Amino acid sequence: MKKARVLLKPSLLPSCFARTTTTIFSSASQSRLLSHQMDTNPSSDSSRYCYDPVLRWDPQVEDYFNKAYGADHFARISKALTRPSSYSCIRVNTVKTTSDAVIEKLTKILNESDDGSSKLVQTDGSSSPISKCQIPGLEYVVFVHGSGPHRIEYGSGPERPPKEVLVSRKCAEAVLRGAQVYVPGVLACTAHVEKGDAVAVCVAMEQPGDDGDWSVNMTRGTTLQGLPSDPFYSERSGLYIGMGTTMLSRAGMFRVPNGVAVDLSNRVFRLPSLHNVLEGEIFLQNLPSIVAAHALDPQKGERILDMCAAPGGKTTAIAILMNDEGEIVAADRSHNKVLDVQKLSAEMGLNCITTCKLDALKSVRLPDALSDSTTSVNGDNIGSVTSHSELSSQAEKSCEENASIEQANGGDNVSEADIRKNKGRLKNGRGRTQSQGGRAGKSQGFPPNSFDRVLLDAPCSALGLRPRLFAGLETVISLRNHGRYQRKMLDQAVQLVRVGGILVYSTCTINPSENEAVVRYALDKYKFLSLAPQHPRIGGPGLVGRCEFPDGYIEEWLKPGEEEMVQKFDPSSELDTIGFFIAKFSVGPKD
């Protein structure tokens with residue numbers, strides 16, 4: 001851990017990290033200062049028209065996290081989760097370009113942006129907020145620094161409140177990361193809003209109902225009054241995320257299906273939108289996710305499995321670390337998500353990635369159950385996998401075969417199921433698979449000991465992702481169930497790694513039931529597993545001890561000495577990342 005602390009010194013961090021540590025890196029402390037300034041302001045409008053959300057948790061979940069982290073620490077984590085990171089982290093595709101070339105291109109793109117607020121590069125000779133990561137081994141990572149929280153002047157008055165547009169929580173979370181306000185995210189609006197009007201954008205939050213459920217208690221298209229007599233007036237207090245200009249009238253926002261509703265030019269948090277920027281050359285990815293790929297330590301020529309690969313960020317990161325030499329099998333149970341991995345692999349020009357549709361809970365196929373229907377890759381029977389280079393020819397062949405069959409049958413002998421499918425296509429348009437011409441090969445699983453290394457980035461409660469404005473749906477029982485589900489996936493992963501291989505387990509949650517408790521389970525059940533050092537190590541230690549619940553259930557975490565072998569990324573720490581967890585296991589001789 002001593003090495004990790006050295007890496008966190010401002011002098012050794014990338015320039016944007018060092019500056020953020022001293023200025024706006026601690027978003028939680030900044031927000032507390034902003035809240036204090038607003039609370040001491042006698043104007044009630046100042047405390048209303050601001051961004052100061054309170055993350056709501058189930059009371060038992062909050063009690064559990066308070067025991068795990070301590071009440072003060074968990075309060076800081078909750079506050080940090082409601083804010084976006086103060087920078088965007090970009091992984092450079094070194095197969096196609098370099099970090100220096102990307103920095104030069106991004107500098108030009110952001111300075112030429114039509115949106116003046118996006119011009120992040122200074123012209124007065126000060127250091128650029130676009131910089132290369134200085135952490136050893138991560139020099140191909142680039143940071144684009146943002147800013148916030150900013151105090152916004154909404155032009156409100158006691159009798160003349162600003163015109164407002166109310167957006168959904170998910171829309172607001174995207175806006176806080178730099179997106180615009182799109183039509184599908186608009187829920188309500190002030191009356192008589194016309195195109196070109198200045199509007200305040202606020203968030204509709206879920207509210208508790210009488211039956212214990214959470215919901216947004218309004219119909220889309222509701223008219224906002226902006227006065228205390230408005231039934232939703234108090235619910236919007238402290239949930240204003242910026243000022244913008246309407247691109248559509250009120251009627252247009254609820255009539256057209258898509259498009260930009262509000263051009264948000266004055267934001268509480270200012271982060272550049274990098275959507276569709278330098279496609280194939282860069283990939284927007286959270287820093288801990290990049291570290292997880294490094295923890296796997298892939299080597300050229302190895303055979304690697306990414307068990308839950310979509311959308312392909314870690315898969316492609318692994319391929320680049322291998323210099324595109326070897327074989328990576330990217331599996332996911334969703335057909336469309338497999339297509340996403342294929343698309344990203346092709347976009348980044350990577351050829352060592354093959355894909356398959358496979359449920360992680362059914363990843364292992366015992367030798368006596370293998371059938372002739374599976375295919376062989378590199379001499380091993382692994383089920384049906386699809387390389388992105390095969391997709392086009394497979395789709396064309398499939399279309400030709402279908403056309404020939406239909407022509408031969410003369411359109412007769414069509415099943416009722418086919419008729420229903422065709423009616424659906426006529427009504428809804430072509431499905432994603434038909435539009436893209438893609439195909440996801442379905443795998444029947446892999447024999448034990450098939451891979452040199454396995455990454456299990458497990459589906460989880462995602463309670464580390466930020467910005468997050470609501471967390472009330474998770475209960476103590478659901479958090480435990482997430483952990484049980486991940487243990488089953490880990491049981492599969494352990495069998496697939498050869499002796500002497502590596503297994504990396506990661507999640508994007510702060511929930512110990514899915515992190516430390518899963519590691520404890522793995523070490524206790526599989527005596528041939530041992531925690532291995534990770535490089536680079538920039539995350540913090542894991543939790544040691546246990547937690548006893550009111551119902552008598554006892555959850556075991558790490559033992560003393562093990563906490564420094566895992567990496568836990570704290571959203572409230574100086575690194576200002578999402579909440580994330582990484583454990584690396586070495587696989588010894590199996591019984």
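Keep in mind that this is a predicted model. Start with R48: its charged end sits over the ring of Y49, 5.4 Å from the ring centre. R480 does something along those lines with F549, where the charged end sits over the ring, 4.5 Å from its centre.

On to the rings themselves: the structure holds 15 aromatic pairs. Here are two of them.

| Pair | Geometry | Centre to centre | Angle between planes |
|---|---|---|---|
| Y51 and F269 | edge-to-face | 5.9 Å | 90° |
| F446 and F451 | edge-to-face | 5.2 Å | 80° |

What does the Y51 and F269 pair tie together? Y51 lies in the loop between α4 (44-48) and α5 (59-69), while F269 lies in the loop between β12 (260-267) and β13 (282-284), so the pair joins parts that are 218 residues apart in sequence. Both Y51 and F269 are buried, and both F446 and F451 are buried too.

Now for the nonpolar cores. The largest has 43 residues, and L138, V141, I318, I328 and I582 have the most contacts inside it. Elements giving two or more residues to this core include β1 (87-92), α11 (313-321) and β26 (580-587). Its largest share, seven residues, comes from α10. As for L138, leaving out residues up to four places away in sequence, it touches C133, L287, I290, V291, H294 and P536.

Y51 turns up again in a second, separate core of 40 residues, which also includes A172, V183 and C202.

Conventions. Residues are numbered from 1 along each chain as its sequence is written. This is a predicted model: local features need pLDDT of at least 70, side-chain atom pairs count only at pLDDT 80 or more; totals for chains, interfaces and linings use all residues. Side-chain values use heavy atoms; hydrogens and water are left out. Rings of Phe, Tyr and Trp (its six-membered ring) pair if their centres lie within 6.5 Å; planes under 30 degrees apart count as stacked, over 60 as edge-to-face and the rest as tilted. Helices (H or I, at least four residues) and strands (E, at least two) are DSSP runs, numbered from the N terminus. Buried means under 20% relative accessible area, exposed over 50%, partly exposed in between (1.4 Å probe, protein chains only). A charge sits over a ring if NZ of Lys or CZ of Arg is within 6 Å of the ring centre and within 35 degrees of the ring normal. A nonpolar core is a set of buried Ala, Val, Leu, Ile, Met, Phe, Trp, Tyr and Cys residues joined through side-chain atoms within 4.5 Å. Contact means heavy atoms within 4.5 Å.
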